Amino acid sequence: MTAIYDWIRDTLMNLAFEGTLPLAFQYGFVINALLCALLIGPVLGGVGTMVVTKRMAFFSQAVGNAAMTGVAIGVLLGESYTEPYISTFSFCILFGLVLNYTKGRTALSADTLIGVFLSISLAVGASLLLFVSARVNTHILEAVLFGSVLTVSDTDINVLLVVTIATVLVGVPLFNRLLLASLNPSLADVRGVPVRALEYVFVLMITILTVACLKIVGAVLVEALLLIPAAAARNVIRSMKGFVFLSMAISTVSCVAGVLLPMQLDLPLPSGGAIIMIAAGFFVLTFLIRVTISRFREAQP
Amino acid sequence: MRGPGIRFDAVGLSLGGNEILNGIDFEVAPGAVHCLIGPNGGGKTSLVRCLLGQMPHTGTISVDWQDNGVIGYVPQFLDFDKSLPVSVNDFMAMVCQKRRPAFTGLSKHNRALTDAALERVGLDGKRGARLGSLSGGERQRVLFAQALIPDPALLVLDEPMSSMDEVGAECFEAIIRELAAGGVTIVWVAHDLRQVEEMADAATCVNRTVLFTGAPADVLVGHEAEALFARAGEAEPGDAAP
């Protein structure tokens with residue numbers, strides 16, 4: 001894979017030197033960040049429509065917080081503090097599975113239970129992370145919370161590539177069944193949909209995607225990128241097709257612009273923050289379209 | 001099509017320490033229109049969900065399949081966020097299409113099937129409408145349409161007419177008559193006694209246990225029955241689910 005990345009980097013860097021592309025492209029890390037943005041943009045936008053439909057936004061926030069604990073454990077166990085993937089994936093998957101398992105076995109409503117898990121993971125994650133960052137590198141916390149495109153490595157791109165391909169391979173063929181299972185579990189069951197198993201599949205999908213996107217968007221903001229593009233699309237859209245494709249487009253443009261604009265404009269912004277601010281801009285725009293243009297008002301409930 | 005016969009044998013159900021059903025014994029004849037009636041909270045919906053294999057019931061429910069084992073199921077309502085951008089076509093794709101995701105549309109084959117089903121329930125003009133913008137009655141017609149794909153041998157209706165307008169009710173009755181004439185077994189949780197009298201081959205009154213079962217003409221007489229039916233008819237639908 002490294003050879004392919006090198007070829008892409010060399011080609012784009014040459015184009016930048018020749019003046020065809022903006023000067024920012026002469027740096028390898030800019031191209032790495034751009035590759036990541038192009039991978040996560042469409043996938044997060046697409047999966048976001050499912051997250052919104054299945055009302056799971058709060059869950060992905062909890063997983064994002066759990067990732068902080070995962071990173072801290074990784075650093076404590078001696079993993080590289082820039083790529084603590086083994087412990088982060090392990091901890092978050094365990095966290096997601098336990099949360100989903102508990103959900104089916106308590107009288108608490110889903111949002112209360114997720115709120116409890118979210119608070120615990122935030123407290124433990126922040127404490128552990130501050131504890132280890134005092135010993136290793138004070139910038140870990142910042143990078144984990146808000147993303148840090150400057151440090152994207154080939155390993156990060158590989159992880160992201162594998163995770164996005166897996167998400168597409170699982171998410172696309174199961175799309176209808178995943179949604180039907182939450183629209184009406186009883187009907188889904190009659191239709192032969194394994195409702196409970198698919199719940200776990202979806203939870204795993206969100207968890208793995210969240211962890212893979214940490215480097216670019218950050219733990220605090222991954223949830224926002226699952227939520228805002230889909231919410232923005234929903235303002236002006238009446239069918240599933242428009243919903244999914246517009247959400248993917250908004251998410252991709254936000255990711256690419258959020259990675260490139262701060263560098264181009266020489267602003268010291270974290271990539272996650274910039275991406276979400278641009279996505280939020282789209283949300284405001286679609287909201288204004290909806291309230292000002294009568295044709296879109298029908299889309300209101 | 002030859003619908004299955006169904007036999008409920010000592011079916012019981014307890015959830016969270018509450019006894020919901022106890023000693024349910026009755027038979028549904030193959031190809032019959034069999035109505036389940038009774039007061040709200042009496043366990044009709046729970047009994048239907050036992051039949052669908054979705055409840056940890058005791059006793060046995062044996063379904064004697066003749067042709068295929070296709071069940072068409074019309075749930076009581078669809079609990080969803082009404083602002084979701086899901087059109088009628090999208091919903092039909094989600095329910096009836098296995099692999100091809102709803103956001104890429106219906107395949108040619110499924111399109112023909114869903115078009116026919118929507119036409120049958122009188123909603124062919126609403127294919128592109130958002131599910132949330134439909135009236136409650138129209139939404140139930142969409143739910144009915146999906147139950148017709150593929151052709152069911154057993155149709156399970158859970159109070160499909162609770163929020164139905166007159167046009168919708170007539171259309172439902174016509175389809176139920178057609179399916180019954182074609183040999184489909186229909187288990188129907190009903191609350192409208194006129195419909196039970198006119199359309200059912202048999203009726204079973206359930207209130208935790210079977211109060212009586214038989215031909216509607218027989219079970220609709222008698223003071224006890226009248227009192228229960230009156231309560232069943234007056235009560236609001238929707239609270240029978242556990």
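Author: Start with one residue of a predicted model. Leaving aside residues up to four places away in sequence, B:Thr114 touches B:Met92, B:Leu106 and B:Ile149. B:Thr114 belongs to helix α3 of chain B, residues 108-120.

Reader: Why is B:Thr114 called buried?

Author: The relative accessibility of B:Thr114 is 0%. Buried means under 20%, so B:Thr114 counts as buried.

Reader: What makes A:Arg295 exposed?

Author: The cut-off for exposed is over 50%. A:Arg295 has a relative accessibility of 55%, so A:Arg295 counts as exposed. A:Arg295 is found in helix α14 of chain A, residues 294-297. A:Arg295 and A:Val236 are 59 residues apart in sequence, with 9.2 Å from C-alpha to C-alpha.

Reader: Which helix of chain A does α11(A) come within 8 Å of, axis to axis?

Author: That helix is α13(A), residues 271-292, while α11(A) covers residues 222-236. The two axes cross at roughly 15°.

Reader: Why are α11(A) and α13(A) called roughly parallel?

Author: Angles under 35 degrees count as roughly parallel. The crossing is at roughly 15°, and therefore α11(A) and α13(A) are roughly parallel to each other. The crossing is left-handed. On the α11(A) side the contact includes A:Ala224, A:Leu225, A:Ile228 and A:Val236, and on the α13(A) side A:Ile275, A:Phe282, A:Phe283 and A:Arg290 are among the residues. By class, the contact of α11(A) with α13(A) holds 14 nonpolar, 2 polar and 2 charged residues.

Reader: At what angle do α2(B) and α4(B) pack?

Author: Helix α2 of chain B (residues 88-96) and helix α4 of chain B (residues 136-147) pack at about 35°, and their axes are 10 Å apart. The crossing of α2(B) and α4(B) is right-handed. In α2(B), B:Val88, B:Phe91, B:Met92, B:Val95 and B:Cys96 take part, and they meet B:Val142, B:Leu143, B:Ala145 and B:Gln146 of α4(B). This contact has 8 nonpolar residues, 1 polar residue and no charged ones.

Reader: What makes the bond from B:Ile149 to B:Pro150 worth a remark?

Author: Most peptide bonds are trans. The bond from B:Ile149 to B:Pro150 is cis, with omega near -15°. B:Pro150 lies in the loop between α4 and β6 (154-158) of chain B.

Reader: Which backbone angle is positive in B:Ala10?

Author: Phi is positive in B:Ala10, at about 50°, although this residue is not a glycine. Most residues other than glycine have a negative phi. B:Ala10 is in strand β1 of chain B, residues 5-15. B:Arg208, also not a glycine, has a phi near 70° and sits in the loop between β8 (202-207) and β9 (209-214) of chain B.

Reader: How do you know how confident the predictor is about chain B?

Author: The average pLDDT of chain B is 86, and 91% of the residues score at least 70. Residues 232-242 of chain B stay under 50.

Technical notes: Residues numbered from 1 in each chain as written. Chains lettered and ligands numbered in written order. Predicted model: local features only at pLDDT ≥ 70, side-chain atom pairs only at ≥ 80, totals over all residues. Heavy atoms only, no water. pLDDT = per-residue confidence, 0-100. Contact = heavy atoms within 4.5 Å. Helix = DSSP H or I, 4+ residues; strand = E, 2+ residues; numbered from the N terminus. Buried < 20%, exposed > 50% of the residue type's maximum accessible area, 1.4 Å probe, protein only. Axes fitted to C-alpha atoms, helices over the stretch in contact; angles between N-to-C directions. Left-handed = near helix turned anticlockwise from the far one by under 90°. Nonpolar A, V, L, I, M, F, W, Y, C, P; charged D, E, K, R; others polar. Parallel < 35°, antiparallel > 145°, perpendicular 65-115°, else oblique.
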